[in-house]
Amino acid sequence: MKNYIQAEEWNIIEEGFDPHLNKISESLFSLGNGRMGQRANFEESYTGETLQGNYVAGVYYPDKTRVGWWKNGYPEYFAKVLNAANWMGLNIRLDGEELDLSLCKVTDFKRILNMKEGYLERCFKAELASGKQISVTAKRFFSIANDEVAALHYQLTALNFSGKLELTSFIDGDVKNQDSNYDEKFWDEVNRTQNDSGSYLTMRTKKTEFEVITGVKTLVIINGNQSQLTADTAVKDKYLAELISLDLVKDKTLDIYKIATNLSSQNYDKAELIEKAAEVLNAAVLKGFAALLEEQAAAWATKWEEGDIIIEGDVAAQQAIRFNIFQLNQTYTGKDARLNIGPKGFTGEKYGGSTYWDTEAYCIPFYLSTAPQEVSKNLLVYRYKHLEKAIENAQKLGFDKGAALYPMVTMNGEECHNEWEITFEEIHRNGAIAFAIFNYIRYTGDQSYLKEYGLEVLIGIARFWKQRVNWSEARQQYVMLGVTGPNEYENNVNNNWYTSTLAAWCLDYAAEAAEIVKTEDPARYQQIVEKTAFEEAAEFAGWKAVSGNIYLPYDEEKGIFLQQDGFLDKEQILVSDLPASERPINQKWSWDRILRSGFIKQADVLQGMYFFEDNYDMESLRRNFDFYESRTVHESSLSPCVHSILAAKLNDGEKAYEFYLRTSRLDLDDYNNDTEDGLHITSMAGTWMSIVEGFAGMRVRNNLLSFNPFLPEQWNSFSFNIGFRGIQLKIKVTKDEITINNPAKTIMDINIFNQSHSVPAGETVIAYKGLAV
């Protein structure tokens, strides 16, 4: 675990430059706006260890997969969001010496990620080999007010010399992904243009033929006067530059501004990209850096008003939750239903930037409560639009009659993951998608979603589960063979409790959803029946037969649900007995050893108990929690939040807080030694869940919000806003009470400490533990 980020409520701060931590910091200080983003790479040259990364949402390449291609049904490619053109590059030479922090003596180095206003600032002093000393302050941001614009202000001051400055401001499209198979490059140049409005480089992806134009206008100001740059006459593929040579005077500051735009053929015709880029860029340049930054601050103020969580008395916890909320809002804004949330967002390339089940299981609750309803709805519509591909995915594996298997990893609905034991065995993602539909409707009350989109998806998923089980003569029950549950440290197991429990629930929910649509809109129901060739009586009967008689492994002696058949045959060693030197086991042990151990990567049985908590009494939850938590190494970022929520429900404040800190500071403190690859964006939604569903005990029951909060000992209070069915409530929790303010013009009925209350329009209600209002 690292601990070099200073604790501050609104800022992420690094002081001092340690090259060994640079890739971690590049991840931590990443920026984005839902449409594009960038790791915190230096503007100037840097020959030290770095992961250069610029990304444009939705632009991907079907990279060749290295394994499994000989197996029927195996994906032909692994989709990757591509490292795109670097727009911010500055090459700086001082009397012929290049500024490169890996070759300089660096002092007074500081990076600040200002989360309140949405920008990154970096400052340092550098002494070159010749003894020349300079100071630099750089500030940049990706606008969420206009998601087609990014901007940079770079200030350079000569401290102990006057001399010649040679500046090259460039766009570099000659890039590749760090993990590209066979070191292949995925971009071809289409054209390059330089004129008075700026420099424009258009690149096209191989195979998928997306086109992205990067436009940049560079302004150099010295002594208040703008200096003229000239176009680079050097011939270099996939590269554009502007040059300037001028006299740098001791103690005088040089100001360099770069205003940039990235536009893609997803949103514009290819023939008009240059025209549109010039239009966007000219408008941004006309506003200027300061005005653009003011717009950015105002846009972020609105985001924080909707979704901030305020913690009093614990700066580290406060910083952590804001960092997680900040990164989630940088990654996905919900404006475009074609986009989704990659596990690394715009902060790295691991997992290909594709869509996983993380979105439905973890991210939907965050956006339901902190953003307009359309945002979470778009995440579900994304899956609806991929239904036909999900049916094709199932057909490749031998399923028929409209059965749908949603992909484990996807960009366009096709399965593109390259590990068989996950791709075709970790089928519980089908259940997460169905649960997200249920969760969305439960939260919003938007029953119309079923007839518009949801029922078709649920029918496809139910058909898959019906065909995926088989009848066991020995057990006289349906069994689920050859699966991988959420605990990926177990592969190809039989009767994973979570998967089978989810499958049974999906079958029942699909039938319930069909009855709802049939009753509320018979005409639409008939359209769906015809479109899906739905055989109502026979399919309902088949679904009910499976859901009512599926085998769910259980140990009577211990009173626990068994993760899968034979789990107790493993050596039952606890995590507390595992030496620190052996962790993380995914970096220290062979895969063979991991698979034979009883250690659990992430919540599996407990994931199911979290989803369906109302089905289990507290004693059952406690027995299962105590058994499985003690065997879980939490080497998935998705794990600690579920444990935190369940510990809170069990009134184990110490464990709930411990897991909250782990999930919230997973990246800030680099718990799993993997932050350098990028941040764990989707698990950050779990941090929010740990507070709102864990410490505040928020649930939706019988169409009402319910709260059963407690306050961690380390905190004086915490407060947050919750959007629910058109009303945004303001919640504050202290040691003995919860305060709920209803600023709306309508009354709000809620449940507090298991008692029903009404919060009048424009008024505040205070409830006390164990007492009525």
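Q: How exposed is leucine 159?
A: Leucine 159 is partly exposed, as its relative accessible area is 26%. Buried here means under 20% relative accessible area, exposed means over 50%, and partly exposed is in between, for a 1.4 Å probe and protein chains only. By the way, this is a predicted model, where local features need pLDDT of at least 70, side-chain atom pairs count only at pLDDT 80 or more, and totals for chains, interfaces and linings use all residues. Residues are numbered from 1 along each chain as its sequence is written, and side-chain values use heavy atoms, with hydrogens and water left out.

Q: Where is leucine 159 found, and what is it in contact with?
A: Leucine 159 is in the loop between strand 11 (149–158) and strand 12. Strands (E, at least two residues) and helices (H or I, at least four) are DSSP runs, numbered from the N terminus. Leaving aside neighbours within four places in sequence, leucine 159 has contacts (heavy atoms within 4.5 Å) with Lys125, Gln133, Ile134, Ser135, Lys250 and Asp251.

Q: Which strand does strand 12 pair with over 10 bridges?
A: Strand 12 (residues 163–172) pairs with strand 18 (residues 239–248), in the antiparallel sense. Pairing takes at least two DSSP bridges between the strands. In one of these bridges, aspartate 172 has tyrosine 239 of strand 18 as its partner.

Q: What order do the strands of the open sheet have?
A: The five strands run 7-6-12-18-17, with antiparallel pairing.

Q: What joins strand 13 to strand 14?
A: A hairpin does, through two residues. Strand 13 (residues 187–195) and strand 14 (residues 198–205) pair antiparallel over eight bridges, and glutamate 189 stands opposite methionine 203 in strand 14.

Q: New topic: glutamate 26, buried or exposed?
A: Glutamate 26 counts as buried, because its relative accessibility is 2%. Glutamate 26 sits in helix 1 (residues 22–28) and touches Arg39, Ala40, Asn41, Thr50 and Leu51, not counting residues up to four places away in sequence.

Q: How much space lies in the largest pocket?
A: About 1,000 Å³. A pocket is an open set of points on a 1 Å grid over the protein atoms alone where a 1.4 Å probe fits, with protein on both sides within 12 Å along at least five of seven lines; lining residues have an atom within 4 Å of a point.

Q: Which lining residues are closest to the centre of the largest pocket?
A: Of its 39 lining residues, those are Lys350, Tyr351, Glu419, Glu488 and Lys601. The lining divides into 10 nonpolar, 14 polar and 15 charged residues.

Q: And which helix gives the most to the lining of the second largest pocket?
A: Helix 9 does, with six residues. The second largest pocket holds about 800 Å³ of space, and among its 32 lining residues, Phe435, Phe438, Asn439, Arg442 and Val700 lie nearest its centre.

Q: How far apart are leucine 159 and phenylalanine 438?
A: They are 63 Å apart in space, C-alpha to C-alpha, and 279 residues apart in sequence.

Q: Last one: which residues are buried in helix 19?
A: Ala656, Tyr657, Phe659, Tyr660, Arg662, Thr663 and Ser664 are buried in helix 19. Their cover includes strand 20 (309–312), helix 4 (315–331), helix 17 (618–629), helix 18 (639–649) and helix 20.

Terms used: Grid points are joined across faces, edges and corners, and a volume is the space filled by probe spheres set on the points. Ala, Val, Leu, Ile, Met, Phe, Trp, Tyr, Cys and Pro count as nonpolar, Asp, Glu, Lys and Arg as charged, and the others, Gly among them, as polar.
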